[in-house]
Amino acid sequence: MEQEQKVFKILSIDGGGIKGLYSSTILQVLEERYKCKTNECFDMLCGTSTGGLIALALSSGKTAKEISDMYIYHGENIFPQKWNRLLKQIFGGGKYTNKFLINHLNSFFGDKTLNDSENLLCIPSFNYTESATCVFKFDHKEGNLARDKAIKYVDVALATSAAPTYFPICEIEALNKQYIDGGVWANNPALVGVIEALCYFVGKGKEYDCIQVLSISSIDVHTGKSLEQNINKGAIQWGLDTLNPFMKGQIQFPHRSLELLAKHSDLNIEYKRIESPLISKEQEKSIGMDKVSKKSIELMRGLGKSMADNCFRDNDIKKFFTTQKTYKTK
């Protein structure tokens with residue numbers, strides 16, 4: 001009789017600013033339908049930028065509804081809409097201060113540190129001081145790690161979400177280093193989580209036999225361009241459009257890579273992606289990283305609920321929320 005394989009389950013959540021409400025709404029509906037808490041169903045939580053905030057909140061025991069409520073009721077404070085924001089973004093100072101975000105994060109997380117996490121974590125950021133990629137983790141015994149456990153949730157949340165031109169660079173005083181948004185290299189952190197799992201938890205001689213990944217996208221707004229008349233664009237002409245190809249590429253590459261690995265490699269990986277919804281040109285006007293009008297909030301909630309209804313009928317997704325995690329951090 002063949003022995004049942006032990007499954008290592010990963011949840012990965014893309015970055016996307018206030019569009020994180022779409023992702024948290026999907027999780028909220030699934031938690032309510034399956035009568036579960038997300039952090040009790042996944043061994044590892046991965047998230048970048050706003051996805052990192054969601055992953056951290058889930059790992060601290062928050063429900064997805066509590067996270068959705070943070071976006072709904074505090075989004076306008078975090079992304080205040082004033083006439084001069086675009087000028088500040090272009091000419092200096094960043095589009096937003098992070099003081100409101102810090103206040104809400106302190107209220108949300110208190111003095112929790114990564115050592116308090118109820119799940120394994122992979123939260124990408126970019127170490128601006130050393131010009132190097134960085135992943136904040138729960139210090140698990142398998143890696144003999146003892147580097148991140150004393151870092152506060154608030155600091156990690158700021159480090160992963162300090163989007164260039166939107167928020168100030170994040171300085172973690174305890175580390176004497178500065179960080180910017182993990183989206184500059186891992187806006188979709190699913191591959192980061194799979195690599196961590198293969199290094200320490202899954203495979204020959206390790207505790208687990210296979211990996212199941214559930215990846216949740218943000219809302220994808222079409223940013224393709226017609227043929228450029230000016231193909232020799234300088235820095236000023238590129239402007240904020242420079243960010244779009246980087247962010248899109250950091251979402252698409254991990255997704256395509258995991259699709260191929262799941263199909264064509266000997267690695268025992270099952271990969272499921274909850275994609276962006278299809279939205280109309282008219283709806284696109286209300287969707288963005290920092291669009292927080294009542295219309296925008298209601299649209300993102302509606303899109304999340306609609307996608308969750310589709311997910312509820314998907315047996316591959318059902319098994320993620322109807323089976324318990326097996327890795328214990330405590």
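These legends walk through several close-up views of a predicted model. Residues are numbered from 1 along each chain as its sequence is written, and side-chain values use heavy atoms, without hydrogens and water. In this predicted model, local features need pLDDT of at least 70 and side-chain atom pairs count only at pLDDT 80 or more, while totals for chains, interfaces and linings use all residues.

View 1. Let us start with strand β1 (residues 7-13); strands here are DSSP E runs of at least two residues, helices are H or I runs of at least four, and both are numbered from the N terminus. Six of the seven residues of β1 are buried, where buried means under 20% relative accessible area, exposed means over 50% and partly exposed lies in between (1.4 Å probe, protein chains only). β1 runs parallel to strand β7 (residues 210-216), and seven bridges join the two; strands count as paired if DSSP finds at least two bridges between them. Look for Leu11, whose bridge partner in β7 is Leu214.

View 2. On the β1 side, four bridges hold a parallel pairing, and Ile10 has Met44 as its bridge partner. To get from β1 to β2, the chain passes through helix α1 (residues 20-34) in a right-handed β-α-β crossover; right-handed means that, with the strands pointing away from the viewer, the path from the first strand over the helix to the second runs clockwise. β2 also pairs in the parallel sense with strand β3 (residues 120-127), over three bridges.

View 3. Arg273 sits in strand β8 (residues 269-274). Is Arg273 buried or exposed? Arg273 counts as buried because its relative accessible area is 12%. Its side chain makes polar contacts with the side chain of Asp14 at 2.8 Å and with the side chain of Ser215 at 2.7 Å. A polar contact is a pair of N or O atoms within 3.5 Å; within protein, one must be able to donate a hydrogen and the other to accept it, and residues adjacent in sequence count only if both atoms are side-chain atoms.

**View 4. The largest cavity.** The structure holds two cavities of 30 Å³ or more. A cavity is a set of points on a 1 Å grid over the protein atoms alone where a 1.4 Å probe fits but cannot get out, and lining residues have an atom within 4 Å of a point. The largest one has a volume of about 180 Å³, a volume being the space filled by probe spheres set on the points, which are joined across faces, edges and corners. Of its 17 lining residues, Gly17, Thr50, Leu53, Phe79 and Phe167 are the closest to the centre.

**View 5. The second largest cavity.** This cavity holds about 40 Å³ of space. Its lining consists of Asn98, Leu101, Leu158, Ser161, Ala162, Phe167, Pro168 and Cys170.

Terms used
1 Å grid on protein atoms, 1.4 Å probe; cavity = no way out; pocket = protein on both sides within 12 Å on 5 of 7 lines; lining within 4 Å.
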